[in-house]
Amino acid sequence: MQKIQSMSKAQHLTFLGLMTALVVVLQLMGTFIRFGLFSVSLVLIPIVLGAALAGPLEGAWLGFVFGAAVLLSGDANLFISVSIPGTLITVLVKGTAAGLIAGLVYRLIEKKNRWVAILAAAIVCPVVNTGVFFAGSYLFFFDALSASAGGSNEVFMYIITVMIGWNFLFELLFNIALSPAVLRLTEVGEKIFRNRKR
C-alpha cells in the first residue's frame, strides 16, 4: 500500500495540517464531555488515521499536538498544580507515544490484513495513551495521589477507578466502533493521493 510515497510534499503538508487542526478542534470539543475528573479524548481517531495514511512519525506529531492541546485547554491544571515538569512529560509523552506506536503497529500488520491493522492501531492508541498516563501519574504524582486516596495502599485502585475508569473504556470502545470508518477513510485518502500524483 502506498502512503506518504504517493503524496507530494504539498499534499503531505496539507494533509498533516488538516489532521493537526482536527486534533486541536476535537480536543477542545472533548473538554465538554467528561467521565470522572477528565475529559474524553475524541482525538485518538484522527491520530490513528494520520498514522495509517502518513506514517508513524506523523502519528507521533499528531499525538504531540494532542498533548499540547490538553495542556492549553486547561485539562491538566490539576496536575500542573502538583508538578509542572511531571505534567509536561506525562501529557506530551502519552500523546506522542500513542500516535507513534499506533503507526508502527499499523505498518507492521497492514500487508497481512488492513482491517486487522486498523483495528489493532485503534486499540493500541488508547491503551498506550492511558498506560503512559498511568505510569506518569504513578511516577510524578504518587505522594499527592496517596494523600487523596487515603494512603499509598489505595493509590493503585484510585488511579484505575477514579482517574482512568470510564474514560479509558469510552475511548477504547469509541476507537473500536469507528475502526471501519477509519479503514474507509484510509482507502479514500490513498485513492485521492494516487490520482492527484498522476
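Mentor: Helix α3 (residues 56–73) packs on helix α5 (residues 84–109) at about 155°, axes 7 Å apart. Axes are lines fitted to C-alpha atoms over the stretch in contact, and angles run from 0 to 180 degrees between N-to-C directions. Helices are DSSP runs (H or I, at least four residues), numbered from the N terminus. The pair is therefore roughly antiparallel (over 145 degrees). This is a predicted model: local features need pLDDT of at least 70, side-chain atom pairs count only at pLDDT 80 or more, and totals for chains, interfaces and linings use all residues. Residues are numbered from 1 along each chain as its sequence is written, and side-chain values use heavy atoms, without hydrogens or water.

Contact means heavy atoms within 4.5 Å. On α3, the residues meeting α5 include Gly-59, Gly-63, Phe-66 and Gly-67. On α5, Gly-95, Gly-99 and Gly-103 are among their partners. The contact divides into 13 nonpolar, eight polar and two charged residues. Gly counts as polar here; Asp, Glu, Lys and Arg count as charged; Ala, Val, Leu, Ile, Met, Phe, Trp, Tyr, Cys and Pro count as nonpolar.

Phe-66 also matters for the core count. With Val-23, Ile-47 and Cys-125, Phe-66 touches the most other members of the largest nonpolar core, which has 37 residues. Such a core joins buried Ala, Val, Leu, Ile, Met, Phe, Trp, Tyr and Cys through side-chain atoms within 4.5 Å. Buried means under 20% relative accessible area (1.4 Å probe, protein chains only). Helix α2 gives the largest share, eight residues. Eleven of the eleven α2 residues are buried, so α2 is largely enclosed by the rest of the structure.

Note on methods. Helix = DSSP H or I, 4+ residues; strand = E, 2+ residues; numbered from the N terminus. Parallel < 35°, antiparallel > 145°, perpendicular 65-115°, else oblique. Buried < 20%, exposed > 50% of the residue type's maximum accessible area, 1.4 Å probe, protein only.
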